Amino acid sequence: MSQTRNKVRIIGGDYRRRLLPFPEAEGLRPTPDRVRETLFNWLGQDLYGKSCLDLFAGSGALGFEAASRAARRVVMVEKSRKVHEALQANRRLLQAGAIDVVAGDALLYLKSSRESFDVIFLDPPYDSDLLQQALPLALARLSEEGVLYVEARQWPDALPDGVETLRRDKAGMVQYGLLGRSAQ
């Protein structure tokens, strides 16, 4: 097993070049560096003052990247206890005070939260129907000018009403893009 197999590298900001370990877990696959680079080019390199929600956080690659780029607040939601503990350990390692790690189900979090977010990262396990379930719930938590990042093996056939694709790309088997509210 290689030394970097279960590690994710932060590619920009304050924590740039830091390698963060994560455990083996079913369905856990960090967003590839190239995809994260494109995503943060789309979002702007600096997320200063923005609040971010990383659902199905997994390795935490997206949330740690957002915190590294000066996001005011990053909430990471992770169901697996083992993965949640690794996220907590990495938050402590980085001394990332802007990050809250929540142990729990992403759909239940969306249903119970009243907070709105400027950027929501939605990257559920590929072999599930969680994307279709989470999309409308995540939109309810999105701030007026907010954007929703979606990553999936297959791009959603239909988007909820009031949503449009702002950017979209593909890298290997990964389909990804930004969604926003449609101009009314």
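**View 1. R167 has its bridge partner in strand β9.** In β9, that partner is L178. Helices (H or I, at least four residues) and strands (E, at least two) are DSSP runs, numbered from the N terminus. The model is a predicted one, in which local features need pLDDT of at least 70 and side-chain atom pairs count only at pLDDT 80 or more, while totals for chains, interfaces and linings use all residues. Residues are numbered from 1 along each chain as its sequence is written, and side-chain values use heavy atoms, with hydrogens and water left out.

**View 2. Strands β8 and β9 form a hairpin.** Two residues lie between these strands, and G172 in the turn has a positive phi of about 60°. Eight bridges join β8 and β9 (residues 174–181) in the antiparallel sense; two strands pair if DSSP finds at least two bridges between them.

**View 3. Seven strands make up an open sheet.** Follow the order β5-β4-β3-β6-β7-β9-β8, where the pairing is mixed. Because β5 (99–103) and β8 (163–171) stand at the edges with a single partner strand each, one side of each has no neighbour in the sheet. From one strand to the next, the twist averages 15°. As a reminder, strands of a sheet pair through backbone hydrogen bonds, either parallel or antiparallel.

**View 4. Helix α2 packs on the sheet.** This helix (residues 61–68) touches β3 (51–55), β4 (73–78), β5, β6 (117–122) and β7 (142–152), and its direction makes about 170° with that of β4. Contact means heavy atoms within 4.5 Å; axes are lines fitted to C-alpha atoms, for helices over the stretch in contact, and angles run from 0 to 180 degrees between N-to-C directions. How many of the eight residues of α2 are buried? The count is eight of eight, including F64 and E65. Just after α2, A70 takes a positive phi of about 75°.

**View 5. H84 sits in helix α3**. Helix α3 (residues 81–94) lies across β4 and β5 and runs at about 165° to β5. Why does H84 count as buried? Its relative accessibility is 12%. Setting aside neighbours within four places in sequence, H84 is in contact with E78, V101, V102 and A103.

**View 6. Helix α1 has buried residues covered by several elements.** In α1 (residues 33–43), the buried residues are V35, R36, T38, L39, F40, W42 and L43. Their cover includes β1 (7–9), α2, β6, β7, β8 and β9. Just after α1 comes G44, with a positive phi of about 95°.

**View 7. The largest pocket holds about 420 Å³ of space**. Of the 28 residues that line this pocket, F56, A57, G58, E78 and P125 are the closest to its centre. Lining residues have an atom within 4 Å of a point; on a 1 Å grid over the protein atoms alone, a pocket is an open set of points where a 1.4 Å probe fits, with protein on both sides within 12 Å along at least five of seven lines. At least two lining residues come from each of α2, β4 and α4 (106–112).

Technical notes:
Buried means under 20% relative accessible area, exposed over 50%, partly exposed in between (1.4 Å probe, protein chains only). Grid points are joined across faces, edges and corners, and a volume is the space filled by probe spheres set on the points.
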